[in-house]
Amino acid sequence: MDAPVFGTGPYAVSQPVTRTEDPRLLRGGGVYTDDRNLPGQAYAVFVRSVVAHGDIKAINIDAAKAAPGVLAVYTHTDIDAAGFGNLPNNLPLKSRDGSDLIVPPRPALAKGRVRNVGEPVVGVIAETLDQARDAAELVELEIDPLPANTDVDAAVADGALQLHEDAPGNVCIDFQMGDADATAAGFEAAAHVTRLRLVNNQVFVSAMEPRAFIGDYDTERDRYVVYTGCQGVFGLRNGLANAILKVAPEKVRVIAGDIGGSFGMKAMPYNEYPVVLLAAKQLGRPVKWTADRSESMLSDHMGRGSVYDAELALDADGKFLAARVNGIANMGSYLTGTGPLAQTVNVCKNLPCMYQTPAVDVNMRCVFTNTVYVGAYRGAGRPEGNYIMERLVDTAAREMGIDRVEIRRKNLVSPDAMPFTAASGQVYDSGDFEPIFDKALAAADWDGFGKRRAASEAAGMKRGLGICAYLEVTAPAGKEMGGLRFTDDRVTIVSGTLDYGQGHRSTFAQILSARLGIPFDKIDLLQGDSDELIVGGGTGGSRSVIAEAGALYETAAEVIEKGRAVAGHVLEAAVEDVEFADGEFRIAGTDRSIGIFELATRARELGGVDGLPETIDTELVHDTAPSAFPNGVHICEVEIDPETGTTRVDRYAVVDDFGTIVNPLLAEGQVHGGIVQGIGQALMEHIVYDDDGQLLTGSYMDYQLPRAIEVPDIVFDDHPVPATTNVLGAKGAGEAGCSGALPAVMNAMVDALAEYGVTNIDMPATPHRVWQAIHGNAS
């Protein structure tokens, strides 16, 4: 592994460089999918089921087809006739008995039965958006309603109506991971067992930019062309081509412009996409579809949504002996591409946190309900695993009369134990956890809490203090593209990652500038075009900096080797005498040199003479580093009005170990965003259905998001311990804020309410729920 090069100056690795795209975006220069309009473009509108569960008896589209401006009306029969496949889920997961994950067919348009309100049944294509909307109103659906299951416990109860014939008991997987026997032995030996039933409420993803999709068909090249926001154009291309369109991947081109957030939601193909592509091919013109916000709430996959019966076994001194989880997770009406991964494998991977717990046993049933399908949402199992453990630890400390900081300290993995194999099977390569505690306690003024609590009491308020020690597991090893293309005075990074708000342009440029000595402002980034990629892992799982840094270092090494050969020819020296540093190839011991941009031009001019490289441009497939383990300590203070149950997050401090931080400004911004999402889920966000499967939180009038006034100043610091498994020593930062925030906020809530005898309160801790807890009837 190459030694990291951090560079010097204002654009070096570790410097807080602002995002280069921000001036353009702030001036309104962004080009999001809905900003694109292609010549001759038609518009798609979808007719969706208003019934949560029912058999389709008739679909009458005659009036819609005859409406002004209508070009085509599609049902499932048209999709079948085109030979399209169902939306994919290819996860290699198995139940405890060895049977494969059950993946019921998920058609683009409902076929025979509808299984959630919002499931698309008919697609209408017209000359204008208004004409498509008007025609959609003329479609008549005859659906015989069936009983609806919207609750995971009800879905697996005796006598519950089955959603899918091939999923008995509505269960798609009965999952087990960990050492069940060792865990059982730990509980047998325990002096104390803490038990909690924890609800991880289902939430709406709320990306700023709703989903949008433009499909076109290139008749000259006989291929589909897609414009959409996603999390990786290469992966979306392959998903559309292989599973749905049934064509070779090169027969699909995916182009992404600016993307207004995703958090996991835009990663996979959706029902609307094949309908739009079929229409574009058959009509010979582009077709555009954009969701409004209400439509998004009925069709974007949801996040979280699970219930856990969790247990922690401890000896008499408070040492952890084992942890066990038995849970049920909501998959919604169908499986998304990521399906149950977050609630099975990822929960187990992240359950041990910073602790040397000897054994864990995770048991999850993932079930179908008549709700919108569930997929990855910021952290995707990382916040869940940390939430379970940290709520157990805090509760155990209270039950055993042990200080909650000290119980954590005595169970931490020692830095001397690194590399440490956790009970999850993950191998922690690095970490120094106790100093993080010390810095976080100081940053939060932990010792001054008593005075602040007394002041709150004097004002008639209740104050609580919560702590969380999180550790999460980033995405595993995979493949990523390394690409560098030179012109006379610029270089372009070609990457299979995709920026949907992370700030890759600045971060990647800092890495390359330090490695090759190229000025920061001479570096461009090309990501969002599948035609330009040879492979692409996309962005997700806090992998981008780790993956791209490795790809850039490997690519840069090849550029240097090519450049040395060309420089030897140009400078009339032996290749072994050519050195490279600070953007120049130099003959050792002399002042004769040539800059990398001039050399790139000379290489093209020479055209490969005498066996030289024709260009120093380089493309390769990089094997990315394994998972890293970002970790940290979050401390939160809340103040509750006991008269109304209203909660205010008053103080928040966090100290993180992200290893080497390329750009502290952007890393801190990522942490802030994750914490705010955690506060939202902990205190207010909640998807609610009635017993008939109707969505009651279908707009932001009913679904509350955190506002700026509800978020305190966040004190951020870091304690970097570089990872040993990747070239920069980075650990990933994109999802860590959410992983720490959920337990920190909820531990603070329980601390504030402890005098009322409250030992647990479910998320979201709304004013109504808090008021009920104070008055002894929490639900």
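This is a predicted model: local features need pLDDT of at least 70, side-chain atom pairs count only at pLDDT 80 or more; totals for chains, interfaces and linings use all residues.
Biologist: Which strands are the edges of the open sheet?
Modeller: Five strands form this sheet, with mixed pairing, in the order β7-β15-β14-β13-β8. Strands (E, at least two residues) and helices (H or I, at least four) are DSSP runs numbered from the N terminus. Two strands pair if DSSP finds at least two bridges between them. Pairing on one side only marks the edges, β7 (171–178) and β8 (192–200).

Biologist: In β15, which residue is the bridge partner of G178?
Modeller: β7 and β15 (residues 360–368) run antiparallel, joined by seven bridges. The partner of G178 in β15 is D361.

Biologist: At about what angle does helix α6 run to β14?
Modeller: Axes are lines fitted to C-alpha atoms, for helices over the stretch in contact (heavy atoms within 4.5 Å). Angles run from 0 to 180 degrees between N-to-C directions. Helix α6 (residues 180–188) lies across β7, β8, β13 (306–314), β14 (320–332) and β15. Its angle to β14 is about 125°.

Biologist: Within what arc do the buried residues of α14 fall?
Modeller: Buried means under 20% relative accessible area, exposed over 50%, partly exposed in between (1.4 Å probe, protein chains only). In α14 (residues 449–458), F449, R452 and S456 are buried. The arc is taken over directions from the helix axis to the C-beta atoms. These residues line one face of the helix, so they fall within an arc of 65°.

Biologist: Which exposed residues sit on the face of α14 turned away from its buried side?
Modeller: The buried residues of α14 are covered by elements including β18 (462–471), β26 (631–640), β27 (647–657) and α19 (736–753). The face turned away from the buried side carries K451 and A458.

Biologist: Which residues have the most contacts inside the largest nonpolar core?
Modeller: A nonpolar core is a set of buried Ala, Val, Leu, Ile, Met, Phe, Trp, Tyr and Cys residues joined through side-chain atoms within 4.5 Å. The largest one has 103 residues. α19 gives the most to this core, with 11 residues. Those with the most contacts inside the core are Y652 and M749.

Biologist: How far apart are the closest N and O atoms of R211 and E272?
Modeller: A salt bridge is a side-chain nitrogen of Lys or Arg within 4 Å of a carboxyl oxygen of Asp or Glu. R211 lies in the loop between β8 and β9 (212–218), and E272 in helix α8 (residues 272–283), 61 residues apart. R211 and E272 are buried. Their closest N and O atoms are separated by 3.0 Å.

Biologist: Is E532 buried or partly exposed?
Modeller: E532 forms a salt bridge with R485, the closest N and O atoms being 2.8 Å apart. R485, at 24% relative accessibility, counts as partly exposed. E532 has a relative accessible area of 26%, so E532 is partly exposed.

Biologist: How many salt bridges does the count come to?
Modeller: One network links D445, R452, R463, E637, E639, R648, D650 and R651. By the 4 Å rule, the count comes to 55.

Notes: Residues are numbered from 1 along each chain as its sequence is written. Side-chain values use heavy atoms; hydrogens and water are left out.
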